[in-house]
Amino acid sequence: MQNGTKSDTMENSVPNPRLEEPWAHSWQEAVEALGVSPEQGLDAAEVRRRRKRYGHNRLRGTKSKSAWRILVEQFKSLIVLLLVAAAALSFAFGDWVEGTAIVAVILINASIGFVTELRAVRSMEALQRLGSVSAKVRRDGQLHEVAAEKLVPGDVVVVEGGDIVTADLRLIEASKLQANESALTGESMPVGKQVEPVESGAPLAERTSMLFKGTAVTRGAGEGIVVSTGMETELGQISSLVEEAEEEVTPLEKRLDQ
C-alpha cells in the first residue's frame with residue numbers, strides 16, 4: 001500500500017457511497033467516502049443493499065444489427081439511388097464503360113460504409129458482453145472471483161497484467177501498473193498508473209490514478225475501489241452518447257432532396 005495506512009475499521013453502510021472526481025482525491029478519502037475497509041471489503045449484506053440501489057454492472061442493451069441489415073442500409077440513400085439510375089441508363093444506351101465505373105463507385109462506397117459500421121456495431125456488442133467476464137474481488141476479508149456484472153460501488157478489486165477492467169476504479173495500490181485505454185482515449189500506447197491523485201478537472205487520458213471499464217491491464221498489478229458501475233462509468237456515458245446521436249444528413253443530400 002502506498003501513501004498512508006489503511007484504516008482498521010470502517011463503516012460498511014453509508015447513505016450515499018459516491019465520490020465526485022475520485023481521481024482528484026487521495027485513496028484514503030475515496031475509501032472513506034465509499035465506506036469500505038480495503039483489507040476486508042464489503043460484506044454480503046452490504047453488497048446486496050448496494051446492488052439493489054445501483055443495479056447490475058452492465059451497459060444498457062441495444063438492438064443487435066445483422067450484417068445483412070447493415071449492408072442493405074448502405075443503399076438507402078438518395079445519392080446511391082441516383083447513381084443506380086445513372087448506371088442503368090448508361091447500360092441501356094450501350095455506354096458500358098461509364099456504367100461499369102458508376103457501379104464500381106457504388107460498390108466501393110457501400111463496402112467502406114459496411115465495414116466501418118459493422119466494426120462499430122460489433123465493438124459495442126463486445127463491450128456489452130463485459131458483464132460475462134469475471135473479476136477478483138475482496139469481500140468479507142476473502143478474495144473471490146465473481147461475475148463482473150455483480151460488482152457494486154465500494155468493491156475492492158484486484159487486477160494484474162492481462163485483466164480486463166470491468167468497472168471504474170480508484171487505485172489504492174499500484175505496482176508497475178500500466179493500462180491500454182485506446183478504447184476510450186484513442187491512445188495506442190499503454191498509460192502508467194499511480195495511486196497519487198491528479199488535478200481536479202483533468203482530462204480522461206491524464207487521470208492516472210484511475211482504471212476504467214472496458215480497458216485492459218497490460219503490465220503490473222494493483223488494487224482499486226469501484227467508484228462507478230454500469231452506465232455511470234466513463235464507458236457507459238460514451239455508450240449513452242452513441243445511443244442519443246442522430247444520423248445527420250449531409251449538405252449535399254439536403255440539396256438533392258430539395
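**Entry 1**

I started with D140, which counts as partly exposed at 45% relative accessibility. My cut-offs here are under 20% relative accessible area for buried, over 50% for exposed and anything in between for partly exposed, with a 1.4 Å probe and protein chains only. I keep in mind that this is a predicted model, where local features need pLDDT of at least 70, side-chain atom pairs count only at pLDDT 80 or more, and totals for chains, interfaces and linings use all residues. Residues are numbered from 1 along each chain as its sequence is written, and side-chain values use heavy atoms, with hydrogens and water left out.

I found D140 in the loop between strand 1 (134-139) and strand 2 (142-147). Helices (H or I, at least four residues) and strands (E, at least two) are DSSP runs, numbered from the N terminus. I noted D140 for its backbone: phi is positive, about 55 degrees, although the residue is not a glycine. As a reminder to myself, most residues other than glycine have a negative phi.

I placed E21 in the segment before helix 1 (27-34), and at 28% relative accessibility it counts as partly exposed.

**Entry 1: rings**

How many aromatic pairs does the structure hold? I noted one. F91 and W96 form it, 5.1 Å centre to centre with 45 degrees between the planes, which is tilted. The rule I used takes rings of Phe, Tyr and Trp (its six-membered ring) with centres within 6.5 Å; planes under 30 degrees apart are stacked, over 60 edge-to-face, and the rest tilted. F91 is partly exposed at 27% relative accessibility, while W96 is exposed with a relative accessible area of 55%.

I also looked at W23, whose ring has the charged end of R207 sitting over it, 3.8 Å from its centre. That label needs NZ of Lys or CZ of Arg within 6 Å of the ring centre and within 35 degrees of the ring normal.

**Entry 2: the second largest pocket**

I looked up the second largest pocket next, and about 230 Å³ of space lies in it. A pocket is an open set of points on a 1 Å grid over the protein atoms alone, where a 1.4 Å probe fits, with protein on both sides within 12 Å along at least five of seven lines; lining residues have an atom within 4 Å of a point. Points are joined across faces, edges and corners, and the volume is the space filled by probe spheres set on them.

I have 14 residues in the lining, with L19, P22, V227, S228 and E232 nearest the centre. Strand 7 (216-228) and helix 7 (234-244) each supply at least two of the lining residues. By class I have six nonpolar, two polar and six charged residues, where Ala, Val, Leu, Ile, Met, Phe, Trp, Tyr, Cys and Pro are nonpolar, Asp, Glu, Lys and Arg charged, and the others, Gly among them, polar.

V227 got a closer look: it is found in strand 7 and is buried, with a relative accessible area of 5%. Its C-alpha atom is separated by 9.7 Å from that of V31, 196 residues apart along the chain.

Which residues of helix 2 (residues 44-54) are buried? I listed E46, V47 and R50. They cover an arc of only 100 degrees around the axis, so they sit on the same side of helix 2; the arc is that of the directions from the helix axis to the C-beta atoms. On the other side of helix 2, I found R48 and K52 exposed.

I106 in helix 5 (residues 96-128) is buried at 9% relative accessible area. I79 is 27 residues from I106 in sequence and 9.6 Å in space, C-alpha to C-alpha.

I have T166 as buried, with a relative accessible area of 4%.
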